[in-house]
Amino acid sequence: MSTNNAAAESRLLPTRFGLPVSERVWLLFGILLLAWRLVSLCWTPGELIPDEAYYWDWSRQLDGGYYSKPPLVAWIIAASTSLFGSREWSVRLPAVLLSTAGLVPVFLLTRQLYSTQAAAITVLALAATPGVTASSMFMTIDAPFLCAWCFALWTLWNLLKSPPNDWKWVLPAVVATAAGLLSKQTMFGLFPLLAFFLVLSREDRGWWRDPRLYIWTLASLLSLTPVVWWNLQHQWLTWQHTQDHFRATTTSPLQHLAWGGEFIASQFGVVSPLTLTLVLIVMLVGPFRWSPVPRREKFLLVFSAVPLMPVAVLSFLQRVQPNWPAAFYVTGFILLGGWVAGQISIDPQTDRWRRFWGSGVILGAALSASLYVLPVVLPMTGWAGTKIDPTTRFRGWRALAEAIDECRRKTPGGLPKLVIAATSRGPVSELAFYLPDQPRVYRWNAGGRIDSQHDVWGGPSGAAGASAIIVTEGLWPVDRELVAAFATVTPLSEIRIPLGNRRFHEYAVWRGTGFRQWPKFSSSQFPH
């Protein structure tokens, strides 16, 4: 392995980019990237996707925990919308800021491990991936989680290389880890992965006797106090929901193969095909050529290749979402940066693949750019509304809300007090956001099992005698138990919002009068 940092610092990036390796240049790059994302935030059309609207709904009822996820995403959205109002761009603004900020610790960690050139290569390649671009466009749990994960890796490495009794990196590591734990359950993986590294790395085994390791662990876990308290009051719903993600499904071998193939294909789309190929080469081939594996590469491999392998295996047992392994690619990209910069050598034949990294960045950037273009172009093509049209997730919600609001305002006797959506989870929060007065929308779930935060909140109380607008999905009639909650339920309208290719948002609107009470046997009641 080559470790001549001075020589590496003096080199330039490949001539096709023509940029000197200079921190000033890369600071400018970060500023321009942030500026582009902010401009795109206001320019790119696209209504909130259901997850964004759902988390926005959480932000209106702040709590220490929620049905499916920790609370940080709701807290962040609440902070943004309290400053700028509940608008699409204000919901998504934190995603832009957090996704861009997360590149800073990646740059700093790569520079510490290798060189400024390697750091520049890493950040450029990472920023050009469609997955990172998507996390900057949509305010989901991934934006705060990935930012926290990147800061945690950087602070933990600095903690590990600090001299005994030097405590200055403990607090930053605690803050970053706590932010991750309050964002997404995946952050728990940080603890066993670090423990595995301490077992593998002979130079770091002394940390098992260092109090700083245990202070970091305990202090980080204490941040979950509000989450634990909320779950104690709600029969550990978050834990039950998380367990449901890992229940292997018994089905045909072909279905298992299809799931695995679907997941692997999705990773090439999330990372971009050529870049992912290069990352896999350095992660999977490199360790077999390095004997022994140096400390810094052990650290990076433990947080990349090691957790990626069980996720890949899991994908053949059940359907795995494409974003689940996103955090594990961060250290894989740092390895890529060190390899492309010439500070890691695999073998002469494999090292020839380095020259394709620039093409990988260009391809990734092109795929990322398509994420900004598709919402504008795709709805105007013959592919609109087809299975390959991802924009159907964030189209038609405003028009649907306007049509329902028109029904509300034409209702005899004035604007109904209640809005009830007898639908799946997504339309509930979309209607809450896009109805002009942004009312509380109650969800009727006839399934008999809690499967969203709306079910935890339950139905209206103190509204005896009130009238309601009831929305049913797919033109279905109102469930008989919900009908029994009113004196009368009568149809008002059928709404069809075209999405293209004979695909529609189809909903029926009903009027309920004389509300009695929310049925006790609904899914809003906790299971015993």
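I started with the largest cavity, and its space comes to about 40 Å³. For the record, I work on a predicted model, where local features need pLDDT of at least 70, side-chain atom pairs count only at pLDDT 80 or more, and totals for chains, interfaces and linings use all residues. Residues are numbered from 1 along each chain as its sequence is written, and side-chain values use heavy atoms, with hydrogens and water left out.

Terms, noted once. On a 1 Å grid over the protein atoms alone, a cavity is a set of points where a 1.4 Å probe fits but cannot get out; a pocket is an open set with protein on both sides within 12 Å along at least five of seven lines; a lining residue has an atom within 4 Å of a point. Grid points join across faces, edges and corners, and a volume is the space filled by probe spheres set on the points. Helices are DSSP runs (H or I, at least four residues), numbered from the N terminus.

**Cavity**

I counted one cavity of 30 Å³ or more. Which residues line the largest cavity? I found Leu 156, Leu 159, Leu 160, Leu 194, Trp 207, Leu 213 and Trp 216. By class that is seven nonpolar, no polar and no charged residues (Ala, Val, Leu, Ile, Met, Phe, Trp, Tyr, Cys and Pro count as nonpolar, Asp, Glu, Lys and Arg as charged, the others, Gly among them, as polar). Helices α9 and α12 (211-222) each supply at least two of the lining residues, and α9 gives the most, with three.

**Second largest pocket**

Next I checked the second largest pocket, which holds about 350 Å³ of space. It has 15 lining residues, and Trp 26, Leu 27, Gly 30, Val 104 and Phe 107 are the closest to its centre. Which helix gives the most to this lining? That is α2, with eight residues. Both α2 (23-43) and α6 (103-113) supply at least two residues each. I sorted the lining into eleven nonpolar, two polar and two charged residues.

**α5 against α9**

Helix α5 (residues 88-101) packs on helix α9 (residues 142-160) at an angle of about 20°, with the axes 8 Å apart. That makes the two roughly parallel (angles under 35 degrees count as roughly parallel, over 145 as roughly antiparallel, 65 to 115 as roughly perpendicular and the rest as oblique). Axes here are lines fitted to C-alpha atoms, for helices over the stretch in contact, and angles run from 0 to 180 degrees between N-to-C directions. I noted a left-handed crossing (left-handed if the near helix is turned anticlockwise from the far one by less than a right angle, right-handed if clockwise). Ala 95, Leu 98 and Ala 101 of α5 meet Ala 143, Pro 144, Cys 147 and Phe 151 of α9, where contact means heavy atoms within 4.5 Å. These contact residues divide into seven nonpolar, no polar and no charged.

**α4 against α5**

The axes of α4 (residues 72-84) and α5 come within 8 Å and cross at roughly 125°, so I logged the pair as oblique. The crossing is right-handed. From α4, Ile 76, Ile 77, Ser 80, Thr 81 and Phe 84 meet Trp 89, Ser 90, Val 91, Leu 93, Pro 94 and Leu 98 of α5. That contact has eight nonpolar, three polar and no charged residues.

I found a cis peptide bond joining Ser 291 and Pro 292, with omega about -5°. Pro 292 is in the loop between α17 (286-289) and α18 (295-302). Asn 165, not a glycine, has a positive phi near 65°, and its place is the loop between α9 and α10 (170-181).
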